[in-house]
Amino acid sequence: STNPCGEVPLEDGGACNLGSINLSRFVANGYTEEASIDWKGIQDATANLVRFLDNVISWNAVLNPLEKQRAAASSMRRIGLGIMGIADMLNQLGTGYDSDEGIKLMERVSTVIANSSYGASAMIAAEKGSFPAFNLELYAKNRFFIESLAAETRDVVVKHGLRNVAILS
């Protein structure tokens, strides 16, 4: 089923910590001709949020009320990084929410966040270890891994593994 708010499908007893990036905070010079997106800021915020949510799992290790929740949280280390503020960001940029330009921009934002988050999880895995159930041979067959992540992100995952079974919500 899903968590109570319905964002993330979970296994039996699954646990997930959620957090969102407010995209409207990454527009420089909003509402002007010079409005632009702070891409480095989005990348940094994404990496920080992945680390924060992973730390929440460790801090809450004994606080989940059911044993199967504690087991799922520690074996999968599932997080759910989301976004908000899309319309506000596009408005500050002078871009229509349903325009071709807006759609292409959100595809780019999504790509940056996906690669930043999976790269961050791999780097945390290098530091602290992959989630216990990680199996690279199986994971490397995942269509998301193959089709959505950049080659350099895939390479860092192959090298270090992943700290979290799921990262984006």
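This is a predicted model: local features need pLDDT of at least 70, side-chain atom pairs count only at pLDDT 80 or more; totals for chains, interfaces and linings use all residues.
Q: Which helix gives the largest share of the lining of the second largest pocket?
A: The lining includes T111, V112, N115, S116 and G119. Two helices, spanning 100-128 and 151-160, each supply at least two lining residues. The largest share, five residues, comes from α4.

Q: How many charged residues are in the lining of the second largest pocket?
A: The pocket holds about 150 Å³ of space. Its lining has three nonpolar and six polar residues. Asp, Glu, Lys and Arg count as charged, and E152 is in the lining. The charged count is one.

Q: Is N29 buried, partly exposed or exposed?
A: N29 sits in the loop between β2 (27-28) and β3 (36-37). Its phi is positive, about 60 degrees, although N29 is not a glycine. Most residues other than glycine have a negative phi. Relative accessibility is 48%, so N29 is partly exposed.

Q: Is Y31 buried or exposed?
A: Y31 lies in the loop between β2 and β3. Its phi is also positive, near 65 degrees, and Y31 is not glycine. The exposed class begins over 50% relative accessible area. Y31 has 58%, so Y31 is exposed.

Q: What distance separates the C-alpha atoms of S169 and P9?
A: S169 is in the segment after α7. S169 is partly exposed, at 46% relative accessible area. Along the chain, S169 and P9 are 160 residues apart. Their C-alpha atoms are separated by 9.1 Å.

Terms used. Residues are numbered from 1 along each chain as its sequence is written. Side-chain values use heavy atoms; hydrogens and water are left out. On a 1 Å grid over the protein atoms alone, a cavity is a set of points where a 1.4 Å probe fits but cannot get out, and a pocket is an open set with protein on both sides within 12 Å along at least five of seven lines; lining residues have an atom within 4 Å of a point. Grid points are joined across faces, edges and corners, and a volume is the space filled by probe spheres set on the points. Helices (H or I, at least four residues) and strands (E, at least two) are DSSP runs, numbered from the N terminus. Buried means under 20% relative accessible area, exposed over 50%, partly exposed in between (1.4 Å probe, protein chains only).
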